[in-house]
Amino acid sequence: MWKRHKKKLDNDEADKGLSELLKIATYLTPYRLYFYSALVCLFITAILSLAFPYLMGVLIGGSMSGTEGIADPKNVKENINGVAKILVAVLAVQAFIAYWRIRWFAFAGESALADIRKSAYGKLVRLPMSYFSERRVGELCSRISADLTLIRDTLILTVPQIIRQSVMLIGGIIFIALASPQLTLVMLSCIPIVVILMGIFG
């Protein structure tokens with residue numbers, strides 16, 4: 001009985017948290033063009049990041065490069081100039097796209113934060129005086145400044161990083177699976193150990 005009640009409470013809290021998150025996300029609606037454009041740039045830069053280990057594999061040899069030699073000096077000497085030029089070009093494109101990604105995320109996040117601040121302040125000034133007598137000044141200031149800053153960090157830092165790292169993780173696993181299924185199984189089997197260690201030491 002208690003377990004069912006606790007499970008119901010947990011589900012209610014999860015639904016409430018999701019509805020609050022969606023409500024906060026609605027503040028991004030006026031700036032969705034910038035936010036979605038930044039998301040597209042995020043996917044592109046994440047995919048371009050996967051080009052670096054692939055090109056290094058092409059340079060030193062390996063199964064994905066079509067050669068069997070590993071760290072073959074002759075192969076490195078023949079390919080180093082071409083691979084270096086491609087790496088520089090990829091880095092330049094990635095830097096250019098990353099600039100707009102950061103700029104658009106910052107604009108959308110800061111603009112949404114300004115709207116949230118206005119809404120919060122408008123709500124506060126309409127509250128009865130009894131509310132202010134029951135609350136500390138520091139608590140109210142924290143709601144308007146510190147807590148909203150955390151929301152801004154979530155919108156323009158945490159969420160984009162989660163998406164970027166997820167794309168890189170999935171793309172990396174696909175690349176490794178194409179190169180060596182055995183190595184993929186070994187690496188995936190290490191993930192639970194790494195997660196446990198992160199939970200302990202984190």
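**Burial, pocket and surface**

Tutor: In this predicted model, Leu50 is buried, its relative accessible area being 12%.

Student: How far apart in space are Leu50 and Phe175, C-alpha to C-alpha?

Tutor: Along the sequence, Leu50 and Phe175 are 125 residues apart. In space, taken from C-alpha to C-alpha, the separation of Leu50 and Phe175 is 8.6 Å.

Student: Is Val83 buried or exposed?

Tutor: Val83 has its place in helix α4, and its C-alpha atom is separated by 9.8 Å from that of Phe52, which is 31 residues away along the chain. Since the relative accessibility of Val83 is 6% and the cut-off for burial is under 20%, Val83 counts as buried.

Student: What share of the residues of the protein count as buried?

Tutor: The protein has eight helices and zero strands, which read along the sequence as α-α-α-α-α-α-α-α. Of its 202 residues, the share that count as buried is 22%.

Student: Which helix supplies the largest share of the lining of the largest pocket?

Tutor: The largest pocket holds about 630 Å³ of space. Its lining is made by 18 residues, of which Ile116, Ala120, Lys123, Arg143 and Leu148 are the closest to its centre. At least two lining residues each come from α1 (2-25), α4 (73-125), α6 (137-144) and α7 (146-179), and the largest share, five residues, is supplied by α4.

Student: How many residues in the lining of the largest pocket are charged?

Tutor: Sorted by class, the lining of the largest pocket contains eleven nonpolar residues and one polar residue. The charged residues in that lining number six.

Student: Is Ile196 buried or exposed?

Tutor: Ile196 is placed in helix α8, which covers residues 181-201. Together with Ile193, Leu197, Ile200 and Phe201, Ile196 forms a nonpolar patch on the surface, and the accessible area of these residues together is about 570 Å². Because the relative accessible area of Ile196 is 53% and the cut-off is over 50%, Ile196 is exposed.

Technical notes. Residues numbered from 1 in each chain as written. Predicted model: local features only at pLDDT ≥ 70, side-chain atom pairs only at ≥ 80, totals over all residues. Heavy atoms only, no water. 1 Å grid on protein atoms, 1.4 Å probe; cavity = no way out; pocket = protein on both sides within 12 Å on 5 of 7 lines; lining within 4 Å. Points joined across faces, edges and corners; volume = space filled by probe spheres on them. Helix = DSSP H or I, 4+ residues; strand = E, 2+ residues; numbered from the N terminus. Nonpolar A, V, L, I, M, F, W, Y, C, P; charged D, E, K, R; others polar. Patch = residues over 30% accessible without salt bridge, like charges linked within 9 Å, V, L, I, M, F, W, Y side chains within 5 Å. Areas by Shrake-Rupley, 256 points an atom, 1.4 Å probe, with all protein chains shown as cover. Salt bridge = Lys/Arg side-chain N within 4 Å of Asp/Glu carboxyl O. Buried < 20%, exposed > 50% of the residue type's maximum accessible area, 1.4 Å probe, protein only.
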